[in-house]
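Here are my notes on this one, in the order I would read them with the model open. Have a look at the structure first, then go through the points.

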Amino acid sequence: MKETVYANERNSLCARAFLSEDTAGRLKALRPCPVRTDFMRDRDRIIHSKSFRRLMHKMQVFLAPEGDHYRTRLTHTLEVTQIARTLARALRLNEDLTEAAALGHDLGHTPFGHSGERALNRLCPNGFRHNEQSLRVADKLENLNLTVEVRDGMLNHSGDGRASTLEGQLIKFADRIAYINHDIDAIRAGILQAGDLPRELTAILGDTHSQRISTMVNAVIAYGTDGDIGMTEPHWEATMALRKFMFENVYFNSAAKSEDSKVADMIEHIYEYFLKQPEKLPPEYRANIDADGVERSICDYIACMTDRYALALFEELFVPKTWQHK
């Protein structure tokens, strides 16, 4: 099967696609799988990891929302993966490489979304960035031993970095398309109304959630693969303007982020508790203290927590237990 996949890629992918047989390999050599390519194997390793499962209980935008339909970090990851695979197929790029990088791009995200990330960034001596933590999770905390190309796509999905493969570059665009279109959650939460998005932007991108995603996806496809991955105008300008609108009116909106200061206080208390008593860290995090230092090990522990685990731990450490008389 694997040789058939290699042959199909050589015959069907575009000239600038990354072929699975050309991978630079892993940090540690593995015995080859007779059925799966290395990128298929990476996908499976990520899906079966503990960090991937924990994404189910890490909220995307809204902290501890009351309702069953708000996005979690896991549903966001699945949306990014679906968009990225659609783009890869349309552009005749390597879908398996794209899928693996998309599934792993947020493995290192903190509890409580970007509120948790900002809190850890203030506390950690060298700062904290979730894309770098995703690589740390894969390389050290879970020893997933992923390929160079998948790791590159995970690392460069945010910030100013640029992935070395077109497949890796797709992840940044798929991630943006997904989170820019989280307006449905904002409408559900009562922060936005259906008609609040700027008319000059919806005229270009579309009036509905699905129309806007479709427009953005088609604009990336139309841009092509002659250079780096991009988006045609005027869609790119409108997409960035919509991103700015969402940050100003939803992601940094006081109603959506009213609990941010509580998150920061809670994470700081947990951080300081283990800084004073590192021997109380779980064994798997204590094991890295000699190599990485106490602060880094504490950040690893907190970043791996789900929202509900962090809340429960804070209650256990700092909230007096109720005495009940029998």
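1. A term to start with: a nonpolar core here is a set of buried Ala, Val, Leu, Ile, Met, Phe, Trp, Tyr and Cys residues joined through side-chain atoms within 4.5 Å. Keep in mind throughout that this is a predicted model.

2. With that in hand, the largest nonpolar core comes to 40 residues. Leu 93, Leu 170, Val 220, Ile 229, Leu 242 and Met 246 have the most contacts inside it. Which helices supply at least two residues each? They are H4 (73–90), H5 (95–104), H9 (166–180), H11 (199–205), H12 (209–223) and H13 (235–251). The top contributor is H9, which gives 9 residues to this core.

3. Leu 242 deserves a click. Setting aside residues up to four places away in sequence, Leu 242 touches Ile 180, Leu 197, Leu 201, Leu 205, Arg 212 and Met 216. Apart from this core there is another, made of 26 residues, with Ala 119, Leu 120, Ile 289 and Cys 304 among them.

4. Next, the H14/H18 pair. The axes of H14 (residues 260–276) and H18 (residues 307–318) come within 10 Å of each other and cross at roughly 60°, which is why H14 counts as oblique to H18. As for handedness, the H14–H18 crossing is left-handed.

5. What meets what at that crossing? On the H14 side you'll find Met 266, His 269, Ile 270, Tyr 273 and Phe 274; H18 answers with Ala 310, Leu 311, Leu 313, Phe 314, Leu 317 and Phe 318. Sorted by class, the contact of H14 with H18 has 10 nonpolar residues, 1 polar and no charged ones.

6. H17 (residues 294–304) is mostly covered, with 8 of its 11 residues buried. The buried ones are Ser 297, Ile 298, Cys 299, Asp 300, Tyr 301, Ile 302, Ala 303 and Cys 304. Cys 304 is also one of the residues of the 26-residue core.

7. Last, Arg 85, which sits in H4. Is Arg 85 buried or partly exposed? Its relative accessibility is 25%, so Arg 85 counts as partly exposed; the cut-off for buried is under 20%. Neighbours within four places in sequence aside, Arg 85 is in contact with Glu 95, Thr 98 and Glu 99. For a sense of distance, Arg 85 and Lys 2 are 83 residues apart in sequence and 20 Å apart in space, C-alpha to C-alpha.

Notes
Residues numbered from 1 in each chain as written. Predicted model: local features only at pLDDT ≥ 70, side-chain atom pairs only at ≥ 80, totals over all residues. Heavy atoms only, no water. Buried < 20%, exposed > 50% of the residue type's maximum accessible area, 1.4 Å probe, protein only. Helix = DSSP H or I, 4+ residues; strand = E, 2+ residues; numbered from the N terminus. Contact = heavy atoms within 4.5 Å. Axes fitted to C-alpha atoms, helices over the stretch in contact; angles between N-to-C directions. Parallel < 35°, antiparallel > 145°, perpendicular 65-115°, else oblique. Left-handed = near helix turned anticlockwise from the far one by under 90°. Nonpolar A, V, L, I, M, F, W, Y, C, P; charged D, E, K, R; others polar.
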